[in-house]
Amino acid sequence: MASAVVVDRLSKHFRVPEREAGLRSSVASLFHRKHRIVEAVNDVSFTIEPGEVVGFLGPNGAGKTTTLKMLSGLILPTDGTATVLGFEPFRRDNEFLRRITLLMGNRNQLQWDLPAIDSFELHRAIYRIPRSEFVRARDELIELLDLGDLVNKPVRTLSLGERMKTEIADSLLHQPEVMFLDEPTLGLDVTMQRRIRTFLSDYNARTGASILLTSHYMADIEALCKRVIVIHRGRLMFDGDLSELAARFGTSKTIRVQLADTDTPAATAGAVDAVVAECRDRGIEIDDARPADAEAAAGAAESHFDGLVTLTVDRSNAPRAAALLLERLDVVDVSIEEPPIEDVIDRVFADG
Amino acid sequence: MGEIVRPARIVEGRLRSLAAVYGGVMRTSMIRTVQYRANTLIELALMVAEPVVYLVVWQIVARTNDGSVDGFTAGRFAAYFIAWSWVRTFVQGGSPGNWERRVRDGSMAGFLMRPIHPVHQNLALWVGFGIARATMWIPAGAVLVLIFRPELHTGALQLLVFPVAVAMAMLARTFTQDTIGAGAFWFTRISAIGSIVGLVELLTSGRLVPLELLPGWAQAVSWALPFRWTFAFPIEALIGPMSSGRLFTGLAMEAGWLVVMWMVLRVVWSRGIRHFSAVGG
């Protein structure tokens, strides 16, 4: 089966005007305008297979939205090629537009003063969806997104989360085969974020649609995307499994140790301190991240001390540190984990 | 992963599909007109107020000038300006400022992402608004007729020509506004250019004064510009009297300008979209 999205050495450079602050430079710019070239996307290549859900990560200004706009045909690339479902996006063939969707979390496409149900009807007319198919898809989306009567209220009266859900429903009525989602959970509360994540996951499983998703909420990425593409300053930095990202960019691991002795926190804390010191003596970089444990050990919350100790160790020495902990302490359970993905991403961008 | 679901589509010809899309967009703009009823009524009131002011002034001038001005009687002025108010209500066709706003606030992206050209979307939108407003105009128009007693000289041929002339005027005016509006793809503020064109339109379209009352040179200028054909001509065709020769000349001029506007619009839009897409969307 052909790839849903093929991006080959795609670049986009913008020529943007710039000037100093103030009236003088404002007047001067009337006669001589300065420009500079911004390389928003540079030589980016990747493919997305049918049914794949891919996270597209990068800090603000990394080139994520520019890439999504090129893939949906809104922006002409400066260089390179892209095909989506076999179409060249910038030609904006009607058949292409009928088979994709671009949802931007900060943009509204629904008619502001009308109930969403009227915008849905407009969508049906524009996308030429058969009535029976439309009613089935509409009712299904209303149920899955728990929209209920919200679709009968003017859009301007809905909350941000409610509006986002109706925007999502509207953008999916024509059952797109490829979805470009730019921050679909932006500004939503945790419950609403979770609901939309669940919905997208179900939608993908049910329809086999390919999804390229940008989000600043790592929970979105972890819940939906096995694979991530990381872009920074317009350049592709990583393309692979989410788990590999931590392995490649994470410099540390987290060791969680469950100690047997939870009755004498002060003594336990002392024993852990001794092991940490021994690790450092042996050249193991170890970060004793135990504020809560230490507090408990100091007696402030002695009765709540649960014996759980968390330590961050440099990646290569994690097995040695774990072995030492097991040897020196009375351990009930131990786990060695990758660091939180947010930390890895922060590190990628900081180093990038 | 389930089987990939290919969505169902209505299979039909391009024209039939376009007509159906027009129907859907027009329906939405009609709903919006009714939804914003207070706003629509105020706009209608303003559209009726403007010609009524002109009408009252010209009727006073006619009465103080032995009942007519260059053959324009009070009844003929009434017919002209009442027809004026209906034609203007129907052919409004948006403004360049709408495109400027869409580019600035990003909603242009939504227009471009739909499987129908933005010009078609805008035209359908304004035809819908036009039909809804022109229908809502009828009670106000009836009151104007009762008060000002228009004098009509409308024959059967004129009744046939009028809807064609109004439809072409609607198209030509929308294309003009869209062409100026497409300037927003290059320049952040395009409304100023729209205002300049609007001023020329005001002076040469017959909106301020019936063109027959203008001096010869001004009439010649108005002949050479599109605005008289896309505004005064449908009005004059309705209120008569007008010979069949003048009717067909008017239709031919209107059709000619319509073709010119359409071609200019196509060129400006295709280049504008390319530029817009190149600089950022």
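Chain B contains 11 helices and two strands; helices (H or I, at least four residues) and strands (E, at least two) are DSSP runs, numbered from the N terminus. From the N terminus, the order in chain B is α-α-β-β-α-α-α-α-α-α-α-α-α.

This is a predicted model, in which local features need pLDDT of at least 70 and side-chain atom pairs count only at pLDDT 80 or more, while totals for chains, interfaces and linings use all residues. Residues are numbered from 1 along each chain as its sequence is written, and chains are lettered from A and ligands numbered from 1 in the order in which they are written.

The C-alpha trace of chain B spans about 85 × 35 × 35 Å along its principal axes. Of its 281 residues, 41% count as buried, that is, with 20 or more other C-beta atoms, placed from the backbone, within 10 Å of their own.

Now to the helix pair. Helix H3 (residues 74–91) of chain B packs against helix H10 (residues 228–239) of chain B at an angle of about 125 degrees, with the axes 9 Å apart; axes are lines fitted to C-alpha atoms over the stretch in contact, and angles run from 0 to 180 degrees between N-to-C directions.

Which residues of H3(B) and H10(B) meet? From H3(B) come B:Ala79, B:Tyr80, B:Ala83, B:Trp84 and B:Val87, and from H10(B) B:Phe231, B:Pro234, B:Ile235, B:Leu238 and B:Ile239, where contact requires C-beta atoms, placed from the backbone, within 7 Å. The residues of this contact divide into 10 nonpolar, no polar and no charged, with Ala, Val, Leu, Ile, Met, Phe, Trp, Tyr, Cys and Pro counted as nonpolar, Asp, Glu, Lys and Arg as charged, and the others, Gly among them, as polar.

Key:
Buried ≥ 20, exposed ≤ 12 C-beta atoms within 10 Å, placed from the backbone. Contact = placed C-beta atoms within 7 Å.
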